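I wanted to go through this one contact by contact and keep a record. These are my notes, in the order I looked things up.

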Number of protein chains: 2
Amino acid sequence: MDKIIEPRSLAGTMELIPADQIVFDRIKSVIENTYKKYGFLPLDTPSIELSQVLLAKAGGETEKQIYRFNKGDSDICLRFDLTVPLAKYVSARVNELTFPFKRYQIGKSYRGERPQRGRYREFYQCDIDIIGKDSLSLSNDAEVLCVIYDIYRQLDFGKITIMLNNRKIVTGFLEALNLKDKATEILRLVDKFDKIGEASLVECLAKEVGLDKKTIDIVMKFLKIAGTNSQKIAELKKFKVDNETFKLGVSELETVVNLVRSAGVPEEYFSVNFALMRGLDYYTGTVFETVLDNARDIGSVGGGGRYDNLAGYYTKQNLPGVGVSIGLSRLFFALQEKGLISKQKLSISKALIIPMEERFNDNALMIASLLRANNINVQTFFEDTKFKNKIAYADKLNIPFIIIIGEDEVKAGKFTLKNLESREQATISAGDIVNILRKN
Amino acid sequence: MDKIIEPRSLAGTMELIPADQIVFDRIKSVIENTYKKYGFLPLDTPSIELSQVLLAKAGGETEKQIYRFNKGDSDICLRFDLTVPLAKYVSARVNELTFPFKRYQIGKSYRGERPQRGRYREFYQCDIDIIGKDSLSLSNDAEVLCVIYDIYRQLDFGKITIMLNNRKIVTGFLEALNLKDKATEILRLVDKFDKIGEASLVECLAKEVGLDKKTIDIVMKFLKIAGTNSQKIAELKKFKVDNETFKLGVSELETVVNLVRSAGVPEEYFSVNFALMRGLDYYTGTVFETVLDNARDIGSVGGGGRYDNLAGYYTKQNLPGVGVSIGLSRLFFALQEKGLISKQKLSISKALIIPMEERFNDNALMIASLLRANNINVQTFFEDTKFKNKIAYADKLNIPFIIIIGEDEVKAGKFTLKNLESREQATISAGDIVNILRKN
């Protein structure tokens, strides 16, 4: 007898039971189909890349987390996101691709983090990006917000709020206050505003950054602008900040808000938020994050924004873009924790075909072929066991119907169709079964 | 200016242009939907596994090709197939899963081979398996053959032939000839019969294995049995081999052939072939491989078979099964090489929406939302460029329709829909556009 090895998985990887995998795949497929509905092209770059290429820009925390190894002459990494591979892909094909290049990619990325609840070493990301050559219309920023709204409209996690800002506004605002040198420090603190609260922020701005009371008052007044989206923008204009970056940011934000309205996204689904920063060294214009109103504490369930240049480390071609990323593995984990994952019984198959004796297995295969030819998912149960075990099988897999084939059915050239929920049953022709199952 | 790094990919990885990716995804989705049509449940195990677990059974050539590395305290491997992860998954959940457990998995596996044309280091496999607890009905073997037929019926690569055998037949045959000790050696040669031809095989059986002429004659007579499927089985029975394994094999093969017929697979799509071996140390009953009649030289495009025990190295529970694997990356490469990949122009979007001026971008987003709400994939073109460039964009992406929004259209509350192939165009209402695009 060979030694038995315990069949365990690596910590920090997600491996679902089939019932949960069906739900996971349903969410993934809503995301994918919505991306396609907006004309994003599919892309599937390798998970393994040359370290020299993948780490062109990386550094710090990210680089420490990377899975990297040598095989033969190759120094290889597992990708840690889908953005750097996109940058590589587009740079290598600048003359081949059609711009604006719109692509989606849904795939796994890898980070060798210390595993903790809800943090994965292997995780799905669902990304879209629209990449322009030299320029890209601001209207695209509005459209990617519509994508997020559309996805969560189809899923059943309740209402969302897309928080929306433009990085130029705060950048210009600080420039006008002559705080350009301290901008990074200030923005890092402002980004935590929602978490740490007003009192802490004021204290930090004074003690850590050394701002005077008057400046802090102005900054706090700016951050606390309230009201409807239109009111917030109107309030902002009242600051009369004399800075071109600021003015451009306000104008861009206003344009995006108006376009999102035109596209039919209801006003209560997006909210201008001047304290939203997101990714200090990457985004340069529109930025956004999405929260589930029922579960704001799980954090952003879809964020992104506008960047000036996708791939400066791979090409001299300027490639501005706007994108969205949904961290699906983390989202699924959080939804499960919150009990927001539908308890609805999902089944891959519409019916379980049960031959009462082995000699009817050929009849089972025949009706199965007929139903499948009509695009009805069905499953056969061929094992020699008690009838109640066959029913139990259908029950456990949430299969809604069974089709019984016994002596009487075969003699009559019919089949007994039973609805396992209503307990109704009838002995009918194959054609009738097709009709009923197509409707149910 | 930062240093520019060449944006290249690791050799032996597949990275397609969007037009090819659309075709690749279409094949993948036919395979996935067909797997579901037969009631296989989705499974998505991690690509990274603990080496100690994943390599429980591996050895030899496979182990040399494995991507293996350490990170922190973990000794990690990239999976090299989807079967060992399945064995791990099932063994760990023997008391949780519902048996027979039917699962499909479509995912990437990794082997650090020397890259050569058509050989990938990262490649997609599309697997199904049906796993029984202690026993599994032979009828399942017939059903997985139907799955292969069904998949290739939907794809447009021409007629296929599923070559079919039962390993017990040759095993019993050699036992009856008192050649059990030499069985492995003989089978390895027989497996090459199709490639090396009769003369070479006879020579090898004599020189390498040391068989006498009389024995070789019997073996060759066995291997060369010809005729229809029924004739071959009838001929085989005439050998009157007095061996239980042989008799069981013949009976199993006959049962599977009859069931495949009952399921409606046309006779010319499957062919009994007593020389087919496939995987010497794994399969124990039914074995099969599929070839495209137009391109037999690309090898098997879907093979598998019956095994006695999935996971002896992980659990004492006996887990017999039957499965199919389609090597999608290799298949796609081979089909491209043969020119068998459809040159049909596929597009993700049905229409490109073109506002003639920036001020009509909001109208574009409005009609886009309306069409998408009707599940029509459409794309917007917001960039400020000449009209001919906008048309060229639709052309390059094979988008069949454009929707033009100009001054006249906005005033009239209508849109101009143009079919880029027929050049027909009409200025019509949004509702009419929905109707036309839903039909096309």
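The entries below cover the interface, the salt bridges, one tyrosine and the aromatic rings.

**Ground rules**

I am working with a predicted model, where local features need pLDDT of at least 70 and side-chain atom pairs count only at pLDDT 80 or more, while totals for chains, interfaces and linings use all residues. Residues are numbered from 1 along each chain as its sequence is written, chains are lettered from A and ligands numbered from 1 in the order written, and side-chain values use heavy atoms, with hydrogens and water left out.

**Entry 1: the interface**

I started with how chain B meets chain A. I found 100 residues of chain B in contact with 100 residues of chain A (contact means heavy atoms within 4.5 Å). The buried area comes to about 8600 Å², with 59% of that from carbon and sulfur atoms. Buried area here is the accessible area (1.4 Å probe) that two parts lose on being put together, summed over both.

I then looked up the polar side of this interface. The rule gives 44 residue pairs in polar contact between chain B and chain A, both residues at pLDDT 80 or more. A polar contact is a pair of N or O atoms within 3.5 Å; within protein, one must be able to donate a hydrogen and the other to accept it, and residues adjacent in sequence count only if both atoms are side-chain atoms. Eight salt bridges cross the interface as well (a side-chain nitrogen of Lys or Arg within 4 Å of a carboxyl oxygen of Asp or Glu). I noted the one between Glu143(B) and Arg372(A), at 2.7 Å from N to O.

Which chains does the bridge between Glu15(A) and Lys88(B) join? I put the N to O distance down as 2.8 Å. Glu15(A) is in the segment before helix H1 (18-37) of chain A and Lys88(B) is in helix H4 (residues 83-92) of chain B, so this bridge joins two chains. Helices (H or I, at least four residues) and strands (E, at least two) are DSSP runs, numbered from the N terminus.

Buried or exposed? Glu15(A) is buried at 14% relative accessibility, and Lys88(B) is buried at 2%. My cut-offs are under 20% relative accessible area for buried, over 50% for exposed and partly exposed in between (1.4 Å probe, protein chains only). I also saw that Glu15(A), Glu49(B), Lys88(B) and Arg93(B) are linked in a salt-bridge network.

Lys88(A) and Glu15(B) form a salt bridge at 2.7 Å, N to O. Lys88(A) sits in helix H4 (residues 83-92) of chain A and Glu15(B) in the segment before helix H1 (18-37) of chain B, so this pair joins two chains. Lys88(A) is buried at 1%, and Glu15(B) is buried at 16%.

I picked out Lys207(A) with Glu203(A), whose closest N and O atoms are 3.4 Å apart. Both lie in helix H8 (residues 193-207) of chain A, four residues apart, about one turn of the helix. Lys207(A) is exposed at 67%, and Glu203(A) is partly exposed at 46%.

**Entry 2: Tyr124(A)**

I found Tyr124(A) in strand S6 (residues 122-131) of chain A, buried at 13% relative accessible area. Leaving aside neighbours within four places in sequence, its contacts include Phe24(A), Lys28(A), Ile326(A) and Asp44(B). With Asp44(B), the side chains make a polar contact of 2.5 Å.

**Entry 3: rings**

I counted 35 aromatic pairs over all chains. Rings of Phe, Tyr and Trp (its six-membered ring) pair if their centres lie within 6.5 Å; planes under 30 degrees apart count as stacked, over 60 as edge-to-face and the rest as tilted. Tyr67(A) and Phe69(B) make a tilted pair, 5.6 Å centre to centre with 55° between the planes. Both are buried.

Phe173(A) and Phe246(A) are also a tilted pair, at 6.3 Å and 40°. They sit 73 residues apart, in helix H6 (residues 167-176) and helix H11 (residues 244-262) of chain A.
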